[in-house]
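Trainee: I have not looked at this one before. Can you walk me through the spaces inside and what sits in them?
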Amino acid sequence: MSDPAQKTNLLGLPQGELEAHFVALGEKAYHARQVLRWIHQRGVTNFEEMTDLSKSLRTRLQESAVVELPQVLSQHDSRDGTVKWLFASGSGQAVEAVFIPEPDRGTLCISSQVGCALDCAFCATGAQGFNRNLTAAEIVGQVWHANQALPRRNNGEFAVTNIVFMGMGEPLANYRSVVPATRLLLSDLAYGLSRRKVTVSTSGLVPQIDRLADECNVALAVSLHAPNDELRNRLVPINKIHPIAELLDACWRYTEKHAKRFITFEYVMLRGVNDSLQHADELGDLLDGKPAKINLIPFNPFDGNEFARSSAETIRSFQDRLRKRGMIVTTRKTRGDDIDAACGQLAGKVSDRVRVRLGDKTIRTATA
Ligand code: SAH
Ligand code: SF4
């Protein structure tokens, strides 16, 4: 018997890579199409059950490949219908995915890394530090599992109709796995989602935004959170490398390449920090007249963090101030907070291997 460790995991391979796998076996490339449908659309992971493949091909696949899913450690169901899963990611680590049902859609919020190195001041994932990148199989495995675990929609479609990379990790710091995973989400042979229904959220890795524009132009959300560099340097430290002007230039290049689509700017509302009407005016000056939507996110508290959520009234005034200039502004509904599944509360289980402790000083050694 061959060593399973040597076998290729087909779960994370998009069509081109799967075709190459078949060609390397001396088989016809078109089998990739059959196998993609079996795995992602029919949820079959055992080659023996792939009955439109010849017996000899099934045997060859068993010898050379596996379809290996991330192990589910737990499922939590929120009072509001939100569902959170914890997936094992090796060495006692875990990542989370969250399903948010709404009448007209089902959004799955997925993780791209075990932890995150970017250390945003208000984020539970960032507070844990970074352990490693997920593989494409571990990313797409979250979607596979949610679709298998949840009942289908009334029209017979899978429960997951929209994907947001807003779970644990910075997706553009794991570009190499996020792009193949995204190709599977878009593929008609796999999940068949339109580009508008897959959103990559980034804290602002400018070179990767430009690459994404050329290679995989899905919807983009940008975690802005502050209207000036001084404040953003404090809240989103990657701003020291790619300041606001540089980031916004990349955003407008992104929209220009793609039929003037809008970018969503995420703005976490932190009491007394970034939530004044002056901040709203400054934000408006940056984004007014541009293909921009603003999504205000009430801060979700977590243990050991000192920020507080802006009051509902402050959030409303901030929103109204921007709407008065004709801008598109929404406020995110907080969902699943009874199971710690709200934005920024996803902590999974991460032990940070890039943080070096020196007495009581903490140094982060990883950068994006
Ligand atoms: N790393 C990516 C995607 C994951 S975070 C990014 O930063 O965009 C998804 C969103 O949740 C981001 O906008 C992030 O800033 C926000 N977020 C992080 N911590 C939060 C918290 N405690 N409360 C509310 N939103 C938070
Ligand atoms: Fe990382 Fe995003 Fe959290 Fe910042 S907000 S630490 S980029 S996961």
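**Cavities, ligands and the pocket**

Mentor: The largest cavity has 30 lining residues, and F122, C123, M166, G167 and S223 lie nearest its centre. A cavity here is, on a 1 Å grid over the protein atoms alone, a set of points where a 1.4 Å probe fits but cannot get out, and lining residues have an atom within 4 Å of a point. This is a predicted model, where local features need pLDDT of at least 70 and side-chain atom pairs count only at pLDDT 80 or more, while totals for chains, interfaces and linings use all residues. Residues are numbered from 1 along each chain as its sequence is written, chains are lettered from A and ligands numbered from 1 in the order in which they are written, and side-chain values use heavy atoms, with hydrogens and water left out.

Trainee: What volume does the largest cavity have?

Mentor: About 480 Å³. A volume is the space filled by probe spheres set on the grid points, which are joined across faces, edges and corners.

Trainee: Which elements supply at least two residues of its lining?

Mentor: Helix 4 (124-128), strand 10, strand 12 and strand 13 each do. Helices (H or I, at least four residues) and strands (E, at least two) are DSSP runs, numbered from the N terminus.

Trainee: And how do the lining residues of the largest cavity divide by class?

Mentor: Into 15 nonpolar, eleven polar and four charged. Ala, Val, Leu, Ile, Met, Phe, Trp, Tyr, Cys and Pro count as nonpolar, Asp, Glu, Lys and Arg as charged, and the others, Gly among them, as polar.

Trainee: What takes up the space of the largest cavity?

Mentor: Ligand 1 does. Strand 10 (198-202), strand 12 (263-269) and strand 13 (292-298) are the elements that give two or more residues to the shell around ligand 1. Ligand 2 also sits in the largest cavity, meaning that more than half of its atoms lie within 2 Å of the cavity's grid points.

Trainee: Which residues come nearest to ligand 1?

Mentor: F122, S201, S223, H225 and N300, out of 22 around ligand 1. A residue counts as near if one of its heavy atoms lies within 4 Å.

Trainee: What about F122?

Mentor: There a backbone N or O atom lies 2.8 Å from a nitrogen atom of ligand 1.

Trainee: Then ligand 2. What surrounds it?

Mentor: C116, L118, D119, C120, C123, G126, G169, E170 and S203. By class, that shell has four nonpolar, three polar and two charged residues.

Trainee: Changing topic, how much space lies in the largest pocket?

Mentor: About 1,200 Å³. A pocket is an open set of points with protein on both sides within 12 Å along at least five of seven lines. Of 39 lining residues, R105, V164, M166, N295 and R332 are the closest to the pocket's centre.

Trainee: Which strand gives the most to the lining of the largest pocket?

Mentor: Strand 13, with five residues.

Key
A polar contact is a pair of N or O atoms within 3.5 Å; within protein, one must be able to donate a hydrogen and the other to accept it, and residues adjacent in sequence count only if both atoms are side-chain atoms.
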